[in-house]
Amino acid sequence: MAGRKRKTPQQALHPTDLKVSAAKLNKKCDNPQSPETKRSHYFIKNDLQRRLGEDFFHQPCVSLAKALLGKVLVRRCADGTELRGRIVETEAYLGGEDKASHSAGGKRTERNTAMFMEPGTIYVYLIYGIYLCMNVSSEGEGAAVLLRSLEPLQGQSVMRQLRAVRRREGARQLKDKELSNGPSKLCQALNILRCFDRRDLASDPDVWLEREPVTNPAEPHDIVSAPRIGIESHGEWAKKPWRFYLRGHPCVSVVNKEAERQSGNVMNNLGPSDVESDTKDSTKSRGRNGNIPGTTLPSVPSVDFSI
């Protein structure tokens with residue numbers, strides 16, 4: 001596994017600067033953060049107790065994909081505003097033999113470098129030339145987990161404004177459950193930028209993960225295991241049940257009734273559970289992907305990314 005590369009933190013966009021063009025909103029972070037932003041008001045005792053550290057990410061890919069369900073993704077904006085969403089759907093991409101992974105066959109490129117970095121590294125990539133998807137690296141060479149859907153918990157009004165930038169003028173107002181119920185919708189709603197690629201989710205001042213909220217805990221849902229989305233061209237790998245979501249949750253992007261009917265595809269807890277033998281085999285060969293599409297653009301999932 002390649003050693004961790006560290007980039008200088010970049011300036012995040014201010015959530016109030018939303019009535020601007022989509023190009024400006026999604027521009028790369030060209031300017032370094034100010035000392036004030038680097039220090040971040042987040043680093044206080046109570047918040048540090050909730051934040052997930054690097055040990056959490058040191059899990060096999062499938063195990064991490066399940067463990068992420070129910071955890072809270074936090075995006076801290078430049079003015080201190082925090083946006084929060086509970087993770088309700090993930091996909092595991094193991095790299096190596098997993099032909100649906102960007103790192104299939106151990107292929108390492110400038111684009112997928114984050115997949116070969118330490119567990120907990122953010123991997124952000126572009127699809128269709130305009131939309132972004134966020135992944136988190138796990139144990140295993142080239143393995144990572146795609147964050148597919150969130151349940152908005154805090155900052156819904158700001159999320160709604162961020163989503164509106166890419167919607168046509170006069171479009172109906174989005175319901176809360178529609179704000180981040182897809183991998184690219186998630187990135188838009190939390191203003192996840194391309195420059196977040198290769199940053200450390202365990203220590204970054206602008207984006208991090210927290211344990212389930214004590215005052216607003218997730219309801220006890222089953223974990224459904226279903227085939228991943230949009231990788232049909234990858235043969236047997238398209239059938240692997242490595243998409244995980246909370247049964248019955250309204251923010252899940254795509255419900256798979258057939259998978260839900262199969263009792264063997266349902267797990268009854270949110271913690272890391274046993275990893276299938278297929279997972280172990282792929283992890284050995286090299287396991288780290290972290291994407292929704294396949295290795296080529298035509299394999300990108302055929303789902304609605306809220307154009």
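Helices (H or I, at least four residues) and strands (E, at least two) are taken as DSSP runs and numbered from the N terminus. By this assignment, Leu 153 belongs to strand S5, which spans residues 144-154. The model is predicted, and local features are reported only at pLDDT of at least 70, side-chain atom pairs only at pLDDT 80 or more, whereas totals for chains, interfaces and linings use all residues. Residues are numbered from 1 along each chain as its sequence is written, and side-chain values rest on heavy atoms, with hydrogens and water left out.

Strand S1 (residues 72-76) is mostly covered, with five of its five residues buried; buried denotes under 20% relative accessible area, exposed over 50%, and partly exposed the range in between, for a 1.4 Å probe and protein chains only. In a regular strand the side chains alternate between the two faces of the sheet. In S1 both faces are covered: Val 72, Val 74 and Arg 76 are buried on one side, and Leu 73 and Arg 75 are buried on the other.

Strand S1 is paired with strand S2 (residues 82-93) in an antiparallel arrangement through five bridges, pairing being assigned where DSSP finds at least two bridges between two strands. An antiparallel pairing of S1 with strand S6 (residues 207-210) comprises four bridges. Val 72 takes part in both pairings: its bridge partner in S2 is Arg 86, and in S6 Val 72 stands opposite Glu 210. Five residues separate the strands in the hairpin of S1 and S2, where Gly 80 adopts a positive phi near 95 degrees. Arg 86 also lies 6.8 Å from Leu 153, C-alpha to C-alpha, although the two are 67 residues apart in sequence. Leu 153 is partly exposed, with a relative accessible area of 22%.

Most residues other than glycine have a negative phi, and most peptide bonds are trans. Arg 198, in the loop between H7 and S6, has a positive phi near 75 degrees and counts as buried at 8% relative accessibility.

In soluble globular proteins, nonpolar side chains tend to be buried together. A nonpolar core is defined here as a set of buried Ala, Val, Leu, Ile, Met, Phe, Trp, Tyr and Cys residues joined through side-chain atoms within 4.5 Å. The largest such core has 54 residues, and those with the most contacts inside it are Leu 73, Met 134 and Leu 209. Helix H5 (residues 61-67) gives the most to this core, contributing five residues. A second, separate core has 14 residues, among them Ala 100, Met 117, Ile 127 and Tyr 131. With residues up to four places away in sequence left out, the contacts of Leu 73 include Leu 83, Met 134, Leu 147, Leu 150, Leu 186, Val 207, Trp 208 and Leu 209, a contact being heavy atoms within 4.5 Å.

The structure holds zero disulfides, a disulfide being a pair of cysteine sulfur atoms within 2.5 Å. Cys 77 is buried at 2% relative accessibility. Cys 133 is in no disulfide, and its nearest cysteine sulfur, that of Cys 187, is 6.0 Å away. Cys 133 is likewise buried, at 0% relative accessibility.

Three aromatic pairs are present. Rings of Phe, Tyr and Trp (its six-membered ring) are paired if their centres lie within 6.5 Å, with planes under 30 degrees apart classed as stacked, over 60 as edge-to-face and the rest as tilted. The ring centres of Phe 56 and Phe 57 are 5.2 Å apart with planes at 85 degrees, so this pair is edge-to-face; both residues are buried. The rings of Trp 237 and Trp 242, with centres 6.2 Å apart and planes at 45 degrees, form a tilted pair. Trp 237 is buried with a relative accessible area of 9%, and Trp 242 is buried at 1%.

A charge is taken to sit over a ring if NZ of Lys or CZ of Arg is within 6 Å of the ring centre and within 35 degrees of the ring normal. The charged end of Arg 199 sits over the ring of Phe 196, 4.4 Å from its centre, and that of Arg 228 sits over the ring of Tyr 93, 4.5 Å from its centre.
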